Amino acid sequence: MPLLEMLGVRKAFGSHDVLRGLDLSVNEHQVVCLIGPSGCGKSTLLRCINGLEGIQDGEIRLAGDRVSGPGVDIDRLRRNVGIVFQSFNLFPHMSVLENVTLAPICVLKQPRAEAEARAMALLKRIGLEAKARDYPDRLSGGQQQRVAIVRALAMDPKVMLLDEITSALDPELVSDVLDIVRDLARQGMTLMLATHEMGFAREVASKVCFLFEGRVHEEGPPDKMFGDPEEERTRGFLKRIIEAGRL
Amino acid sequence: MTLASEQTQLDWGAPSQPKASGGLAWGALAAVVAILGVATLVLFNLRGLLAREVLSSSAADAAMVAVLAACTLLVWPASRAIAASFRVQPNLAAGDLVAARIAAASSREWSFITLGYGAAALLVLGGIAFFTANDGQVSKTFFDAKLIRDFTPLVAKAFMVNVLIFMCAEVLVLIWGLLVAIARLIPGEAGRPVRFLATVYCDIFRGFPVIITVYLVGFGIPLAGLPFLGDLPLPCYAIFALTLVYGAYVAEVYRSGIDSVHWSQMAAARSLGLSHLQALRHVIVPQAIRRIIPPLLNDFIGLQKDTALVQVIGVLDSFNQSRIIASNHFNLSAVTIVGLLFVLITIPQARLVDRLVEHDQRRMRAGG
Ligand SMILES: Nc1ncnc2c1ncn2[C@@H]1O[C@H](COP(=O)(O)OP(=O)(O)OP(=O)(O)O)[C@@H](O)[C@H]1O
Ligand SMILES: [Mg+2]
């Protein structure tokens, strides 16, 4: 049974159909990369899975349980599904440590000492334990994004959704962030990521999905998708990416 | 290609000549002479008045000499303006156009400095003339030293009523305004009626003149003969009326503060599993508060001043007390005291607002 399943998901903003009956499944420990042209709905899909946007039709299932539509315990869903945004969205009025411990203390009711010990252990893993007492505006973009990832990890999610987490970063800061994602993948975390880093997608993905016209237009293992895609549209997209020097 | 060739053909014209400066400089000097004349007249008048009131003192004389000396100082920038304007022609004759332009510019600048300070001096002198006019009646009407000395304690005591009213009202406004703001931000269809009521309330009381609200509440509620509510002490009605009006303003302040926190902060908090209220409490409101404090303090300063309006329903506050004194002595000095007391409590708050705004701007520049 797939851990995460989307069945005929439809999402429109007003009259603008973004997702038009999208089907996609993610198995446990899989790393699924979403690629596709700008505006094709990658961010929207991730936000729908996390319940930040409602969907109009179809359903989303987590471990077999329906998590879209009315009557869903959305806070419980979000405890299991972490999301990291392109723009970090750290809380500027809290120190790094407070950012990481807020949800464990507030939502999981962990004792502060325990939450802080776990947070420090996580920060140590990304080499930022020295910054624990600093405020986010003292950190570089790459450091902020690593903290944002740790903040989501502190909730022990079963799935992590990463929405173009490196596209707001200067090129020399990207690799630090990607290293963490690579680590997560190696440790068996189930990941779903929207990305324009095709080289990275090719390296870590177990499955690559090309989104087009509100559906998964083509999916497959990375070597197949980047080496020899079946569909005309996929080829066209990759050709433009290669021309832009990003693969 | 065409662009570049056009640029080389661009006609710069003849080099610019120095601006005229001589007339302005002499005009500035003339203005200084006129100001000195006015100053002498005004101060002479003041000295005579003080002598008649048996108030002359060496300190007053010294102050007058100082004012005159300050006016005389204006001769210095005026003379520099004239000196600089004399350097223009020789430089032109020597063919040094740049030096001539610099001299002219410097002359004009000194002229404008003279005129600027001169205008300020004239305003001060005008003020002195106004208060010494009609044989000093004006100054005595507003600033009778003896009355001020005698009645400041009484007025200050009555001012405590104003302080009590605004302190109670401020506490209530903080709570009431927050409730209204939250009511206006309740999401969803279920919240629509409450949102609507809160909006109507804000619209009405932001438009209602404070004095009319105070009047209606202060006379209306006792008149309606309600049990308990009908016979409260007068200041309670004043506090209630001010809370109604300022609750509407402050609700808006809260709301704009909460709105000013970017929605992505809410999304980030919610995505971590925090409930709507938890997100408000831990993430949104703490960020909003910093931005709210300066406009909140401004509204409070307005509220404090508006406590002077409660005299329309007969509360014996400082304004009412001072009016009694004023009509007994045919002199407004006691009322002046009230105004000064309000200024006295406002200044520290105004400075605090300035510092908070400045601090906030520095943070934004530093943090982005
Ligand atoms: N809140 C919204 N209201 C209206 N339209 C929206 C909203 N959010 C997204 N859209 C629209 O939905 C479409 C998909 O947007 P989305 O952000 O999911 O694209 P994306 O694939 O993530 O693109 P990118 O690669 O540029 O990030 C876009 O056309 C966008 O204009
Ligand atoms: Mg996107």
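## Close-up views of a predicted model

**View 1. The shell around ligand 1.** Ligand 1 is surrounded by A:F13, A:H16, A:V18, A:S38, A:G39, A:C40, A:G41, A:K42, A:S43, A:T44, A:E164 and A:H196. The model shown here and in the other views is predicted. By class, the shell holds seven polar, three nonpolar and two charged residues. Helix α1 of chain A gives the most to the shell around ligand 1, with three residues.

**View 2. Side chains facing oxygen atoms of ligand 1.** A:E164 places a polar side-chain atom 3.0 Å from an oxygen atom of ligand 1. For A:H16, a polar side-chain atom lies 3.1 Å from an oxygen atom of the ligand. For A:H196, the distance from a polar side-chain atom to an oxygen atom of ligand 1 is 3.4 Å. On its own, ligand 1 has 630 Å² of accessible area, and the protein covers 60% of it.

**View 3. A:R47 in helix α1.** A:R47 sits in helix α1 of chain A. Its relative accessible area is 16%, so A:R47 counts as buried, the limit being under 20%. Leaving aside neighbours within four places in sequence, A:R47 is in contact with A:L52, A:E53 and A:F85, and also with B:W263.

**View 4. The largest nonpolar core.** This core has 99 residues. Within it, A:M6, A:L45, A:I49 and A:M192 touch the most other members. The element that gives the most to this core is helix α10 (residues 234-259) of chain B, with 14 residues. Another core, of 51 residues, lies apart from it; among its members are A:V84, A:V96, A:L173 and A:F237.

**View 5. The surroundings of A:M6.** Neighbours within four places in sequence are left aside in this view. A:M6 is in contact with A:L22, A:D23, A:L24, A:L45, A:I49, A:E59, A:I60 and A:M192.

**View 6. Positive phi at A:D156.** A:D156 is not a glycine, yet its phi is positive, at about 55°. A:D156 lies in the loop between α5 (141-153) and β7 (159-163) of chain A.

**View 7. Positive phi at B:F330.** B:F330, a residue other than glycine, has a positive phi near 50°. The loop that holds B:F330 runs between α13 (318-329) and α14 (333-367) of chain B. B:F330 counts as exposed because its relative accessible area is 77%, and the limit is over 50%.

Notes: Residues numbered from 1 in each chain as written. Chains lettered and ligands numbered in written order. Predicted model: local features only at pLDDT ≥ 70, side-chain atom pairs only at ≥ 80, totals over all residues. Heavy atoms only, no water. Core = buried A, V, L, I, M, F, W, Y, C linked by side-chain atoms within 4.5 Å. Buried < 20%, exposed > 50% of the residue type's maximum accessible area, 1.4 Å probe, protein only. Helix = DSSP H or I, 4+ residues; strand = E, 2+ residues; numbered from the N terminus. Contact = heavy atoms within 4.5 Å. Near = heavy atom within 4 Å. Polar contact = N/O pair within 3.5 Å; in protein donor to acceptor, adjacent residues only side chain to side chain. Areas by Shrake-Rupley, 256 points an atom, 1.4 Å probe, with all protein chains shown as cover. Nonpolar A, V, L, I, M, F, W, Y, C, P; charged D, E, K, R; others polar.
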